[in-house]
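Morning, everyone. I have one structure to show you today. Let me put it on the screen.

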Amino acid sequence: MTSFLLSQWKNQPGGPQNPVPFMLSLGNATTTPREKELIVKTFDDWGVLTSTWYEVADYLSTIEKLSDDSSFSERRRAALLSSKVAYCLGDYAGALQLVLGAEDLFSLSPRPAHPEYGQQDELYVNKIIEQAVDTYKIAKRDNTKIDQRLENLLDRIFNLNMESREYRQVVGLALDTRRLDQIERAVKASEDSTTLLSETVTKVLGSQLDRAFRSKVLDVLLRLFSELDEPDFVSMCQCLIKLEKPGDVAEILNRLVKNQDGELLAYQISFDLYENATQQFIQQIEKALIPETEKTGASTSESTTETSTSSTTETSSATTTTTATSSATATTSAVTSKSADDSSGSTSSSSDSAETVASGTMSSEVRDKLRSILSGEETIKHHMQFLIKNNHTDMLVLKHVKDSVRMACTHNGTVIANGLMHIGTTCDDFLRDNLEWISKATNWNKFNAVATLGLIHRGHESNALKVLDPYLPKGEPDQFGYKEGGSLYAYGLIHANHGSSNVIEYLQKQLASATTASVRHGACLGLGVAALGTHNDAVYAQLRETLYQDDAVVGEAAGTAMGLVMAASLDNTAFREMVQYISDTAHDKIQRGLRTGLSLLAYGRMEEVEPWVNELLEAKSNAVLRQTAVCMLAMAYAGSGKADVVRRLLAKVAADPNQDVKRFAVIAVGFVLSK
């Protein structure tokens, strides 16, 4: 009888209406289980539920009780029906929890579209999948316990994509849900594992994954690469850069140069390393490339190419290794001709390769070429040549600006604009043609005018001392030393992120012997940019001692330089020392310099910096420390686009009582969203 009534009600003109009698029957103890099963099956149809859900919703608790009744044979369907009603009510979290009780009865493949109501089931299924993935992601991120039924649902989603051979979707979903096993499964099942792995590396490096999980993913990808017959060494090295494993990169380079076909790839990887890795990372690779026999008999000098270049340009003696070639050149152009000769002599190159394969070691010529590339000599040379040939700056603009200058600040701005317009072009015609006008610069304007030479001659390392010779300290500086300080800063800018041991040693000596604040200021800044990211303890210690002299002008530069040297290191000792001195000093300039330096410590470290940031934000009585926390957030998450970080910064804009904290928070939003 119930079946007949349901059929008549369902097929009545105008469609099913007024489901209340059937809903009351579900809660009636006299209704048989068979009748309840028929009612639940009938309403588990979008053709019925679409027009009646708002009335069925009043009896949602009754349907949920049936889904919890283990003796009810259709309890899974009751859970599915409850989920659909909750979905119609807009309670998507509740709909997901209820559908978990339906288990396999919830189909990931939507039912056919209803002729009258359309793709209702497809919309429902897609929403439940979306909610399931989001819930799983949050649970994984917060490291909370995950319902096994939710885990099973995610496994079914993965299996569906695997059956459809949608391996890229599997990888993307696995990255979102932090399922390393599914990444490995998709790669191994793919017909083109190498391509899929390379694409995955690109996704990981360009994603917003936190550093800890990213490292785990890269470890898995690296292992999968190593299992391939023909691994993608370029992608492997990209992984190793992020994992900070220079020894493994050196091993790959050694492996590649053992045969003629891999030598060119080793050179290409070396170019990529110079573009993407830090100075410290590259220096460790160079050390790893030195054979054990050479390490025991070698002096403490850096690579042969750096030493030979510095020996002529900086007139400092340098010892070379016993196996170094006797034809080590003194200028960048000579290195180029040597490389050309090596590449043109195919017979000699072939014999070297055969020799290398036989002995299992890298030939000295190949090693010298790799060092030359890793040290940046080749890249800088070609980059500088490109800038010189393609210099299209409009000198007339500068002339008009110069003629209209009436104040010191605009004079300073014009000089800096000239430096930025001609960066790396070695074109200092504007300065040479307007020497009388430039000579009007006084005090720090004079410092900046000389420092812009470092911008203009960026990378022109072979002639750095010659270009700056008229300005570098010689004996006793003038009363204030602005010109000498600017020249030391310019010298650091020319060698920015490429400072050899001789360059750093020269700047250290100048800092130690300087007698005026402006000279020490320029030496600190030059030392910072030349030793950028090297994490050189000796340089850091000297800058720290300079900071502790508590000179406002010098301390500002020293604080910034300390951050430059230890950039992205997240060094706890440096952090504690710099934070403590912010509280100890009474000089605003020093506090500003340390604020910049501390933010550089956090560069790119993302969630790893959170404990430090939270500690600084708790400094209710010290606005500078809160400003520092905001700046650290900006540098740690620069370019990540993380919405939760942006929300925190906007909350600071709204709530912090200090105007400077608000200003830095707004600026930090720009850093986070910079990409």
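**Overall make-up**

Secondary structure first: the protein has 40 helices and zero strands. Keep in mind that this is a predicted model. The protein has 675 residues, and 50% of them count as buried. Now contacts. Take those in the protein between residues at least 6 apart in sequence: 69% of them join residues at least 24 apart. As for surface, the accessible area comes to about 31,700 Å². Carbon and sulfur atoms account for 51% of that area.

**Helix 11**

Helix 11 runs over residues 180–189. Which of its residues are buried? They are Gln182, Ile183, Glu184, Ala186 and Val187. And what covers these buried residues of helix 11? The cover includes helix 9, residues 148–163, and helix 10, residues 167–177. It also includes helix 12, at 193–205, and helix 13, at 211–226.

**The second largest pocket**

On to a pocket. The second largest pocket holds about 650 Å³ of space. Its lining has 20 residues. Nearest the centre of this pocket lie Arg141, Arg178, Gln208, Asp210 and Lys642.

Which helices each supply at least two residues of that lining? Helix 8, residues 120–142, is one of them. Helix 39 gives the most to the lining, with five residues.

Conventions: Residues are numbered from 1 along each chain as its sequence is written. This is a predicted model: local features need pLDDT of at least 70, side-chain atom pairs count only at pLDDT 80 or more; totals for chains, interfaces and linings use all residues. Side-chain values use heavy atoms; hydrogens and water are left out. Buried means under 20% relative accessible area, exposed over 50%, partly exposed in between (1.4 Å probe, protein chains only). Helices (H or I, at least four residues) and strands (E, at least two) are DSSP runs, numbered from the N terminus. Contact means heavy atoms within 4.5 Å. On a 1 Å grid over the protein atoms alone, a cavity is a set of points where a 1.4 Å probe fits but cannot get out, and a pocket is an open set with protein on both sides within 12 Å along at least five of seven lines; lining residues have an atom within 4 Å of a point. Grid points are joined across faces, edges and corners, and a volume is the space filled by probe spheres set on the points. Accessible areas come from the Shrake-Rupley method with a 1.4 Å probe; for residues, only the protein chains shown count as cover.
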